[in-house]
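I opened a new structure today and went through it piece by piece. These are my notes, in the order I looked things up.

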Amino acid sequence: MTETATRPATALERTNRQTLGWAALGLLLAALLVVPIVVGDEFVYHIFITICLFAALSTAWNIVGGYAGQLSLGHAIFYGIGAYAGVILVNMGVSPWFGMFVGAGVAVVAAVVVSYPCFRLHGPFFALATIAFLEVFRVLALHFRDLTGGATGLMIPLKIGWEWMVFRERLPALLIAFGMLLVCLAVAWAIRSRRLGFQLVATRERESAARAAGVATVRVRLIAVSVSAALSAMVGTFHAMYLTYIEPASMFSLQLSIQIAMFALIGGIGTIWGPLLGAVLLVPITEFARGALGAEAIGLHGFVYGLVLMLVVLFMPDGIMGVLSRFSGARKAQDGGDEGHIAAASPSRTPPEIGKPVLKVENLEKHFGGLHVTNDVSFTLREGEILGLIGPNGAGKTTLFNMISGFLAPDGGSVSVLGRDGTWHSPSDPGEYAALGVGRTFQIVQPFAAMSVEENIMVGAFHRFHAVADAREAARQTAHRMGLGRYLEDEASSLTIGGLKRLEVARVMAMEPRVLLLDEVMAGINRADVRRAVDLMLSIRETGVSIIAIEHVMQAVMALSDRVIVLNSGEIIAEGDPKEVVRDPQVIEAYLGKEFADA
Ligand SMILES: Nc1ncnc2c1ncn2[C@@H]1O[C@H](COP(=O)(O)OP(=O)(O)OP(=O)(O)O)[C@@H](O)[C@H]1O
């Protein structure tokens, strides 16, 4: 079957389903506004206002917890800051419409201060750190009694009207809550569908690969947390006006933080609409239970959330959105090893001239404790050259790569890269290496599993382009060149190992590197894929890119390399023409042992 025979139908089907999805979403949003107006009941109004507020908070949380993958359980910090800023200013005669922006500003500062140290922590440690900060803010609110009213809390003065966000009827409150939900959804959608969203998801999926693709991972997370904090604070201001009374325990509440996260988890973490669906499902259940059972139902919502969460984990691990997306035509690769072909490099043609030096490694040293992993390593890479880096297991090849791509700081010596401006630079982190045109792959493939093949490559292309359309176009061209054109819309995780290795190279090539560091791209792939990989590397070199390739597949090393360096126990033991190097007794001994070399 050819791709041209199947793709148009699939694409059409997918477009239809997407249209259906948008229509369903439009209906859901319209229902949030229309149902309470039609029913006209106070309690129903209250439920729908609560749904909108929680959905807005959860959507804001999802920018950090979902897109960036930082499981914050301290988001009530920002909500509480917004609430207090709004109420304090109202008490000073300032409208909450202005107060909500002041709250947002303070929340952004708090978010940066709190998150910057926490971003060094991962998984449960990050979550615990955010809880600790939440407790700090609650205690501060209790302590600064003159400003916050301490444990007694603050009443909102009864100034009625739009200017003060306090109303006798419920409809204006519903309109504001609904408006806030729309703003949060629009911001979340805008982030996810732009460069920042791609970079956040890439950072969440594989931080090292994202850094190698030039993503400033800390910066993008800080932007995400700032936007999320600002939105949460604005919702907090309005909610305070709606509640007419605030106090530290309910504003800086762990329970609220967990609730916000839970809606996203149940609806579909990391998706644009998941938090909305989670809130639509859960808020009415708990509010009706509370309404029906009254005081007997205190704490019942916790029980309901727990129950629903258990059911979701057991039966819908990707949340409601995960179930829905199964019907929306998300495509899995159905490859059986044949992954299209690469623009083949003809073996008969003459390789391009090897030019001036582009990368200099001088006297590089690295120790891990007592282990001397790199010992006085020096070499130069030239323009258009393929340099094979070989050596037995544990020789220090990957460690060397880590130092010449900024992932490890050398203990001694230096790495210099020729900039596009013709001057030499000494980069120190992966971002600086990427900016100078040094791209790398990883020995263990690092696909961004939650992204399609096209999106994976786009993360590399975003190094050159800001606009999504430009990055997409560049990614498509690169994919076709790399023989991945048939799989653009497939989930990256569904490729074969050969495809994944090629995807690694494609992601780096989309950055248009001048120096390409390939770490065992041929390991574990079949012979046909090795042939393709050799062709691929030759075709890449023809574009003037310089390559250093760590490789164990000797036929490939011999076919490709202009020059070979042999590393053993962290030292260069041989260097030069591939055919001569493999005959060197020292090299034979390093690989096969002394007895073999003597024989
Ligand atoms: N972070 C680390 N901490 C301590 N030791 C390390 C660390 N990284 C690597 N090593 C050790 O350094 C030595 C060199 O490892 P490295 O991965 O660079 O070798 P390699 O030549 O790439 O091996 P292979 O071909 O098996 O991938 C090994 O003994 C390894 O165990």
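Which residues in helix 2 meet which in helix 12? I found Phe 54, Leu 57, Ser 58, Trp 61, Asn 62, Gly 65 and Gly 66 in helix 2 meeting Ile 260, Ala 261, Phe 263 and Ala 264 in helix 12. By class, the residues of this contact are seven nonpolar, four polar and no charged.

Before going on, I noted the ground rules. This is a predicted model, where local features need pLDDT of at least 70 and side-chain atom pairs count only at pLDDT 80 or more, while totals for chains, interfaces and linings use all residues. Residues are numbered from 1 along each chain as its sequence is written.

I also wrote down my terms. Helices (H or I, at least four residues) and strands (E, at least two) are DSSP runs, numbered from the N terminus. Contact is when C-beta atoms, placed from the backbone, lie within 7 Å. Nonpolar is Ala, Val, Leu, Ile, Met, Phe, Trp, Tyr, Cys and Pro; charged is Asp, Glu, Lys and Arg; the others, Gly among them, are polar.

**Helix 2 on helix 12.** I looked up the geometry next. Helix 2 (residues 42–67) and helix 12 (residues 254–267) pack at about 80°, with axes 8 Å apart. (Axes are lines fitted to C-alpha atoms, for helices over the stretch in contact; angles run from 0 to 180 degrees between N-to-C directions.) That makes the two helices roughly perpendicular, a label for angles of 65 to 115 degrees.

**Helix 18 on helix 19.** I checked a second pair. The axes of helix 18 (residues 453–461) and helix 19 (residues 468–481) come within 8 Å and cross at roughly 110°, so these helices are roughly perpendicular too. From helix 18, the contact takes Val 453, Glu 454, Ile 457, Met 458 and Ala 461. Helix 19 brings residues including Arg 472, Arg 476 and Thr 478. I get eight nonpolar, one polar and three charged residues for this contact.

**Around the ligand.** What surrounds the ligand? My list reads Phe 368, Leu 371, Val 373, Gly 391, Asn 393, Gly 394, Ala 395, Gly 396, Lys 397, Thr 398, Thr 399 and Gln 443. (Near means a C-beta atom, placed from the backbone, within 6 Å.) Strand 4 (371–382) and helix 16 (397–403) are the elements giving two or more residues to this shell. Helix 16 has the largest share, three residues. The shell has four nonpolar, seven polar and one charged residues.

**Strand 3 and its partners.** I then followed strand 3 (residues 357–368), which runs antiparallel to strand 4 and is joined to it by eight bridges. (Strands pair if DSSP finds at least two bridges between them.) Leu 364 has Val 377 in strand 4 as its bridge partner. Two residues lie between the strands of this hairpin, where Gly 369 takes a positive phi near 60°. Strand 3 also runs antiparallel to strand 6 (residues 412–418), with five bridges; there Lys 360 stands opposite Ser 416.

Last, I traced an open sheet with mixed pairing, in the order 8-9-10-5-11-12. Strand 8 (438–440) and strand 12 (571–576) each have a single partner strand, so one side of each is left without a neighbour in the sheet. The twist averages 15° from one strand to the next. Strand 5 (residues 386–390) pairs parallel with strand 10 (residues 546–550) over four bridges, and Leu 389 is the bridge partner of Ile 550. Helix 21 (residues 527–541) packs on the sheet, touching strand 5, strand 9 (515–519) and strand 10.

Methods: Angles under 35 degrees count as roughly parallel, over 145 as roughly antiparallel, 65 to 115 as roughly perpendicular and the rest as oblique. Two residues are in contact if their C-beta atoms, placed from the backbone, lie within 7 Å.
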